[in-house]
Amino acid sequence: QDPEMIAAIETQRVIFYIRTGDLASATPAADALLAAVERADNYAGLLNALMIRGNLLKEQKRFAEAERDFLRALEAGKAVGADHPAIQNLRVELGRTWIALGRSAEVRDMLTPQAKVVAAGSQVDPMLLVETHIVLGGALYELGDKARAKAVAAVADQAVAALPDRPDLKALVDEWHAKHR
């Protein structure tokens, strides 16, 4: 019983269930993935498994459980460094979860420094740049700082304008603007 092989199989099962929309079957597969990774004692695998299960729980509107997984993943991810793209993506997902839980001030405090780092990076992942600014903008808007929210979202607008081959990112930004008029 190789835990890493089991984790690889469970990862594929979870992804399959998520892609087919079967979240009820994806949940026990995500639990099995996490158990296998914990037996393998692999921090990168643990970070990934917790991120997968946290996103699954978030999709099921089980926000408190998703938050626990995301916070645990942040702890596991300390080994890779605070500015690692996986940790930055994790913060974005935690931010979405906190907004759903009505904790926009925590999102603002967590993502404001990240937005500066991501925007200043020379090799920026466009999805990370857009998502960081969209989630931060949403938190600021919820806190009543609409002018700053729109200024933060403008960074995402500029990124999307420079990437005509990324309609997925344009859709994220357009959705944000539709919700925050």
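Keep in mind throughout that this is a predicted model.

**Exercise 1. Find what links Asp 31 to Arg 53, and say where each residue sits.**

Solution. Start with the side chains: Asp 31 and Arg 53 form a salt bridge, with N and O 3.0 Å apart. A nitrogen of Lys or Arg must lie within 4 Å of a carboxyl oxygen of Asp or Glu to qualify. Finally, check exposure, where buried means under 20% relative accessible area. Arg 53 has 17% and counts as buried, whereas Asp 31, at 36%, is partly exposed.

**Exercise 2. Work out which parts of the chain Glu 38 and Arg 72 tie together.**

Solution. The closest N and O atoms of Glu 38 and Arg 72 are 2.3 Å apart, and the two residues form a salt bridge. Glu 38 lies in helix α2 and Arg 72 in helix α4 (residues 63-76), so this pair ties together parts that are 34 residues apart in sequence. Both partners are partly exposed: Glu 38 has a relative accessible area of 39%, and Arg 72 has 35%.

**Exercise 3. Explain how Lys 170 and Asp 174 are placed along their helix, then look at salt bridges across the whole structure.**

Solution. Lys 170 and Asp 174 meet in a salt bridge with an N to O distance of 2.9 Å. Both are in helix α9 (residues 167-179); because they are four residues apart, about one helical turn separates them. Lys 170 is partly exposed at 43%, and Asp 174 is partly exposed at 39%. Salt bridges can also share partners: Lys 58, Glu 93, Arg 96 and Glu 131 are joined in this way into one network. Over the whole structure, a search finds 15 salt bridges.

**Exercise 4. Check the length of α3, and decide how enclosed α3 is.**

Solution. First, the length: with 1.5 Å a residue, the 17 residues of α3 should span 24 Å. The C-alpha atoms at its ends are 24 Å apart, which agrees. Next, count the buried residues: 12 of the 17 are buried, so α3 is largely enclosed by the rest of the structure. Among them are Leu 46, Leu 50, Ile 52 and Leu 57. Then ask what surrounds them: the buried residues of α3 pack against α1 (3-19), α2, α4 and α5 (85-100).

**Exercise 5. Describe how α2 packs on α3, and how α5 packs on α7.**

Solution. Two packed helices are described by the angle between their axes and the distance between the axes. Take α2 and α3 to begin with: their axes come within 9 Å and cross at roughly 160 degrees. Angles over 145 degrees count as roughly antiparallel, so α2 is roughly antiparallel to α3. The crossing of α2 and α3 is left-handed. Residues making the contact include Ala 30, Asp 31, Leu 34 and Glu 38 of α2, and Ala 49, Arg 53 and Leu 56 of α3.

Now turn to α5 and helix α7 (residues 126-142): their axes come within 10 Å and cross at roughly 25 degrees. Angles under 35 degrees count as roughly parallel, and α5 and α7 are therefore roughly parallel to each other. The crossing of α5 and α7 is left-handed. Where they meet, α5 contributes residues including Val 92, Gly 95 and Arg 96, while α7 contributes residues including Glu 131, Thr 132 and Val 135.

**Exercise 6. Is Glu 67 buried or exposed, and which residues does Glu 67 touch?**

Solution. Glu 67 is in helix α4. With a relative accessibility of 13%, Glu 67 counts as buried. Leaving out residues up to four places away in sequence, Glu 67 touches Leu 94, Thr 97, Trp 98, Leu 101 and Arg 103.

Notes: Residues are numbered from 1 along each chain as its sequence is written. This is a predicted model: local features need pLDDT of at least 70, side-chain atom pairs count only at pLDDT 80 or more; totals for chains, interfaces and linings use all residues. Side-chain values use heavy atoms; hydrogens and water are left out. Helices (H or I, at least four residues) and strands (E, at least two) are DSSP runs, numbered from the N terminus. Buried means under 20% relative accessible area, exposed over 50%, partly exposed in between (1.4 Å probe, protein chains only). The expected span of a helix is 1.5 Å times one less than its number of residues. Contact means heavy atoms within 4.5 Å. Axes are lines fitted to C-alpha atoms, for helices over the stretch in contact, and angles run from 0 to 180 degrees between N-to-C directions. Angles under 35 degrees count as roughly parallel, over 145 as roughly antiparallel, 65 to 115 as roughly perpendicular and the rest as oblique. A crossing is left-handed if the near helix is turned anticlockwise from the far one by less than a right angle, and right-handed if clockwise.
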